[in-house]
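This briefing concerns the protein chain displayed below. Please keep the structure in view while reading the points that follow.

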Amino acid sequence: MRWVLYPFIALLGLIAIGAAILALAVAFAWPTLPSLESLTDYHPKIPLRVYTADGELIGEYGEERRAFIRIQEVPEVLKHAILAAEDDRFYQHSGVDFLGILRAAGANLATGGKRQGASTITMQVARNFFLTREKTISRKLYEILLAFKIEQNLTKDQILEVYINQIFLGRRAYGFAVASHTYFGKSIRDLSIPEAAMLAGLPKAPSAYNPVVNPKRAAQRQQYVLRRMTELGFITEDEQRKAAETPLKVASSSADFGGSADYVAEMARQIAYEQYKEETYTRGIKVITTILKTEQEAAHRALRRGIMDYDRRHGYRGAESYADPARLNTQQAESMDEILAEIPDYDDMLAAIVTQAGGGAVTVYRYGESIRLTGDSLRFAAPMLNDKAPPNKRIRVGAIVRINHLDNRWEITQLPEVEGALVAADPRTGAIRALAGGFDFNRNKFNHATQAWRQPGSSFKPFIYSAAFEKGYGPNSIVDDAPLSFPAGETGSQAWEPKNYDGKYDGPMSLRSALARSKNMVSIRLLKSIGPRYAQDYITKFGFDAERHPAYLTMALGAGSVTPWQMLRGYSVFANGGYRIEPYLVKEIRDEAGNVLARVDPPVAGETAERAIDERNAYLMDSVMKDVVRRGTATKALVLKRGDLAGKTGTTNEYVDAWFCGYQPTVAAVAWIGFDQPRKLGSGETGGAAALPMWINYMRKALEGVPETYPTPPGGLIRIQPAGGGSDEMIYQENLPAAPPEAPPEPTSAPSEEAPVNKPVSPG
């Protein structure tokens with residue numbers, strides 16, 4: 001008996017000593033536990049969020065992507081999935097689940113030491129808020145003690161609420177509300193059973209069970225959660241089976257927040273940061289922009305389509321690059337996936353590796369899928385399938401190419417080299433309705449709508465014409481379209497012999513016809529007549545910088561520098577009846593609680609805005625620019641079947657920049673296309689061919705359901721009949737030519753000659 005009793009007594013003694021040591025440790029450790037103020041008054045770091053005017057989230061900025069949600073708003077299916085995956089006895093234990101510890105220990109012994117954790121949700125909250133992840137006995141003791149303290153100070157629902165909002169779930173997503181948007185692009189309230197199970201499986205190891213990076217392991221974890229939900233009675237076996245068989249549509253990119261508005265979101269971020277500095281990214285600020293979701297998407301699509309159409313007109317340039325042969329193993333998908341993971345996708349332009357090429361077919365690999373391309377799918381890339389194609393561009397095994405899905409089939413495409421911009425606003429207030437600053441923000445963050453200083457070409461002519469109208473000219477004034485040449489002194493550089501873009505000269509013509517047909521010789525003569533310095537000063541009324549438009553005759557052809565944003569502001573003056581407005585993007589800024597921190601109250605045309613030009617001038621220019629659409633260089637816009645469109649094409653020397661700037665009274669828009677490093681777009685790539693289609697495709701959506709609108713003729717205009725017939729014209733009342741003095745009766749043999757009423761008034 002002694003040999004049995006003595007060891008038993010010794011064991012009890014060791015247990016007693018251990019318990020005393022533990023009690024002593026607890027006694028010393030308990031007072032040193034941190035305050036729970038960060039939990040009892042929980043305020044997570046909420047990032048900056050940017051929204052459209054109609055409430056669509058388009059951008060989020062902060063080290064941690066978070067969205068706070070009350071426990072009452074969390075759907076039951078997600079609560080059940082979390083409890084099944086992490087802590088099914090959460091509502092029974094007091095912070096530490098001793099039964100769970102025994103169960104985990106038994107499972108670990110049964111599996112030969114494979115680690116199965118026993119941390120409760122409360123313990124995880126303690127660890128995430130107050131402790132490191134080091135694996136030491138002292139840290140574990142603190143975790144257990146903190147769990148007890150948390151349970152004493154918070155209700156179970158409060159603890160679960162903190163957990164649901166705080167836990168890291170991969171891809172910079174903190175909390176299930178953000179993770180729902182990140183992985184599935186939907187509100188947490190709309191999660192299905194399989195989606196909830198997938199998210200609930202992430203806390204154990206967000207990187208290992210990430211459905212984007214490791215879809216197979218994520219699926220295995222999801223199946224485990226579904227089984228546990230069934231065992232616990234949260235779902236039926238039939239629901240488990242259906243959920244297990246349901247394929248999940250997981251977002252493949254981390255940029256899930258309004259990719260079509262990335263340039264807008266970045267502009268809004270900069271505006272917020274200027275005001276609130278680093279607090280911008282932690283205090284839950286909401287920036288409400290002026291853009292409209294449907295119009296922004298239309299502008300984004302219109303710009304991309306315009307750029308891609310231009311790119312296709314100029315042919316396929318060949319393979320993007322080639323995979324290292326040493327890494328190219330078609331028998332092992334993982335090695336191929338590693339290569340693709342290093343090449344970013346851009347929207348719907350996906351990277352793929354050529355695994356077979358020849359015989360009129362190409363097979364490409366894309367993350368576990370082999371796609372065979374033939375016929376029309378290869379039409380664009382056909383020149384680089386030929387054996388005579390340059391070796392460094394030819395499509396062969398190992399080539400990295402771009403594919404996209406179009407019209408129910410895959411095809412080879414390419415990333416364009418050219419760039420563009422499209423920006424639109426309400427001309428009455430300046431509120432930006434849509435802004436696309438480039439082909440793809442993730443590829444090129446330079447905002448061409450606001451930062452690209454380019455020559456406007458002929459799209460600048462309306463401002464010269466407007467200046468001339470203030471000097472006595474009118475739409476009916478006749479100016480000669482004949483060749484010109486100038487010495488260096490009049491151009492600011494070298495001798496100049498300008499030409500019309502079509503190489504044709506049509507002699508004397510009205511200013512209305514000259515602008516519609518974009519006659520360079522007429523614009524130059526007009527500027528020479530009114531004086532370049534006068535015009536340089538006059539254009540500042542529209543918001544242009546005088547120093548960027550030297551007072552030389554080349555200004556008549558748009559040789560200065562502008563941005564698309566400036567052109568939008570300038571054309572808005574014509575659209576709104578002559579008022580100066582300032583385009584603006586941010587409507588208001590709110591705090592996390594929805595309180596308004598700042599709000600824009602813009603000047604409104606016809607009410608509070610400053611007048612820039614005479615309303616008669618704006619009316620006449622509007623009338624003349626309508627003819628650009630009706631019978632001039634922008635007749636493609638007639639496809640919109642409207643009579644209230646006005647604008648001007650622009651093509652610079654050597655086809656380097658192409659523009660279309662135009663408007664309808666409720667919306668003004670500017671489209672531009674060109675290379676970042678200026679070079680020739682190609683013969684025939686005019687504003688009407690390259691830029692106008694983008695404008696049309698945007699306006700088609702922007703003007704949907706908008707009735708035709710026409711300005712009312714202002715007072716002070718006189719309608720006259722041009723000599724020789726033709727349509728009536730209007731001119732300033734004070735510019736009406738004086739009637740000729742009465743003369744004695746002419747002899748009956750000589751016919752009388754009537755003075756023409758359309759004689760241009762001499763400037764000055």
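Directly after helix α12, K277 adopts a positive phi of about 50 degrees. Helices (H or I, at least four residues) and strands (E, at least two) are DSSP runs, numbered from the N terminus. The model is a predicted one, in which local features need pLDDT of at least 70 and side-chain atom pairs count only at pLDDT 80 or more, while totals for chains, interfaces and linings use all residues. Residues are numbered from 1 along each chain as its sequence is written, and side-chain values use heavy atoms, with hydrogens and water left out.

**Helix α12**

- Helix α12 covers residues 262-276, and its 15 residues should span 21 Å at 1.5 Å a residue, which agrees with the 21 Å between its end C-alpha atoms; the expected span is 1.5 Å times one less than the number of residues.
- The buried residues of α12 include D262, Y263, V264, A265 and E266, as well as A272 and Y276; buried means under 20% relative accessible area, exposed over 50%, and partly exposed in between (1.4 Å probe, protein chains only).

**The five-stranded sheet**

- Five strands form an open sheet in the order β13-β12-β22-β21-β20, with antiparallel pairing.
- At the edges are β13 (432-436) and β20 (646-651), each of which pairs on one side only; two strands pair if DSSP finds at least two bridges between them.
- From one strand to the next, the twist averages 5 degrees; axes are lines fitted to C-alpha atoms, for helices over the stretch in contact, and angles run from 0 to 180 degrees between N-to-C directions.
- Helix α21 (residues 615-631) lies across β20 and β21, and runs at about 65 degrees to β20.

- Strand β22 (residues 667-674) is mostly covered, with eight of its eight residues buried.
- Cover is present on both faces of β22: V667, A669, A671 and I673 are buried on one side, and A668, V670, W672 and G674 on the other.
- Strand β12 (residues 419-425) runs antiparallel to β22 and is joined to it by seven bridges; here A425 stands opposite A668.
- Strands β21 and β22 also run antiparallel, joined by eight bridges, and a hairpin connects them through two residues.

**Residue A658**

- A658 belongs to strand β21 (residues 657-664).
- A658 counts as buried because its relative accessibility is 0%.
- The C-alpha atoms of A658 and Q455 are separated by 9.3 Å, although the two residues are 203 residues apart along the chain.

**The chain as a whole**

- The secondary structure of the protein chain comprises 22 helices and 24 strands.
- Of its 764 residues, 51% count as buried.
- Among contacts between residues at least 6 apart in sequence, 70% join residues at least 24 apart.

Notes
Contact means heavy atoms within 4.5 Å.
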